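I opened the model today to look up a few residues. My notes follow the structure.

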Amino acid sequence: MIAPVASSLCVKYSHRAVLVTGGLLAFSGMALGFLGLNMVWMYATTGFLQGLGISFSWTPAISIVSHYFSKRRALANAIASAGECAFAFTFGPLFQWLIGQYGWKGALLIIGGIQLNICVCGVLMRPLTSNCCLEASHSETPPDTGASRMEKEERSSSTHKTFNWMLVRRPEFVLYAMFGILAAMSFFVPPLFLVPLSYSLGIDESWTASLLSILAMVDFSGRLLCGWYANLHVTKTIHLLTMTITLISTSLMLLPLANNYLSLAIFTGFYGFFFGTTVAVHITVLADVVGMSDFDSALGLFMLIRSTGGFLGPPLAGLIVDMAGDYKAGFYMAGATLVLAAVFLVILDQFQQRSERGSQTNTKPDKSTLPYPSLHFLKLQNRRHQEHDVVV
């Protein structure tokens, strides 16, 4: 919900200032939570204040990567997002060890100190300049779109300094936002029901915990491999995203067929890998859809709109599971929702292709109506000779 605020502040001030502010807020939330006065105090500090800081940190960090890189944007986003997997894999054991050594209050204070390093990362971020924006816009513009369009994008990248709320009127952004809502409805379901499903299959608790570790490891691999592949520019990023979403939905549809730990671990691995590939490219696709001049505004709006799917998905899946009396129904719901999300990506791709064909048609120079330009030239020459003879 705070993403548009963070994006507008990035546009008005700088990514560095917003990121440092986010680090300070996150640290303050954990440090004040150390006091542990009462439950309301904990909600206000470690919940709201720390969450506000994380939101202020995440949005500019993701945005600045897309501004820094153009040709290798997909790979850069993949590497940057891979830190989430490493954190998810190590934070649980680390936090438990800190609680055992220093108590929960000491653990909160240490985690707050770690989050204070966000400010260091923010200080190291080089501020954007007009030249950087011009270079990014120039590199992102295809060679066959015309010089006028390239010059327009360059001017808008360097002069657009306000948050663009009018993106919600652009059909391509609306289509991508619909994809984001449906994808978010599905992405939170598997981690929520994976452990209960394993318990229902009679899998031991110690083995169940390893499923989440497998999920984090293959997610990490999927992000890096997909970022590397997208950097080869063999496939359009929107086509690659459509394929990964389709493969995720397929793996979710097949996951309920597992009847033991090995088969469940295999299907979980497939889901985690393709989920990682999706995370690696979906921000890059957003940049391609709206252009870098409006990317900061689009990122904030996209995260706000996508969050509605995160709110609706788990309760809806829980309702379906209660009605069906089986955890497998939640995975079927998630897979079907992702199929619908892929449909919106296909519609978006067709819309973009139609728009590109229309722009190319409008920018084509006028040609002679004669089938052969040489005949037109000869006709003009003969007319000139006839006029010359009449004058003589």
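Entry one, the ground rules. I am reading a predicted model, in which local features need pLDDT of at least 70 and side-chain atom pairs count only at pLDDT 80 or more, while totals for chains, interfaces and linings use all residues. Residues are numbered from 1 along each chain as its sequence is written, and side-chain values use heavy atoms, leaving out hydrogens and water.

I looked up the largest nonpolar core, which has 65 residues. Such a core is a set of buried Ala, Val, Leu, Ile, Met, Phe, Trp, Tyr and Cys residues joined through side-chain atoms within 4.5 Å; buried means under 20% relative accessible area, exposed over 50%, and partly exposed in between, with a 1.4 Å probe and protein chains only. Tyr176, Phe179 and Leu286 touch the most other members. Helix H12 (261-290) is among the elements that give two or more residues, and H12 gives the most, 15. Helices are DSSP runs (H or I, at least four residues), numbered from the N terminus.

Is Arg223 buried or exposed? I found Arg223 in helix H10, buried at 3% relative accessible area. A polar contact of 2.9 Å joins its side chain to that of Asp219; the term means a pair of N or O atoms within 3.5 Å, where within protein one must be able to donate a hydrogen and the other to accept it, and residues adjacent in sequence count only if both atoms are side-chain atoms.

I found Phe34 in the loop between helix H2 (15-33) and helix H3 (39-68). Phe34 counts as partly exposed because its relative accessibility is 31%.
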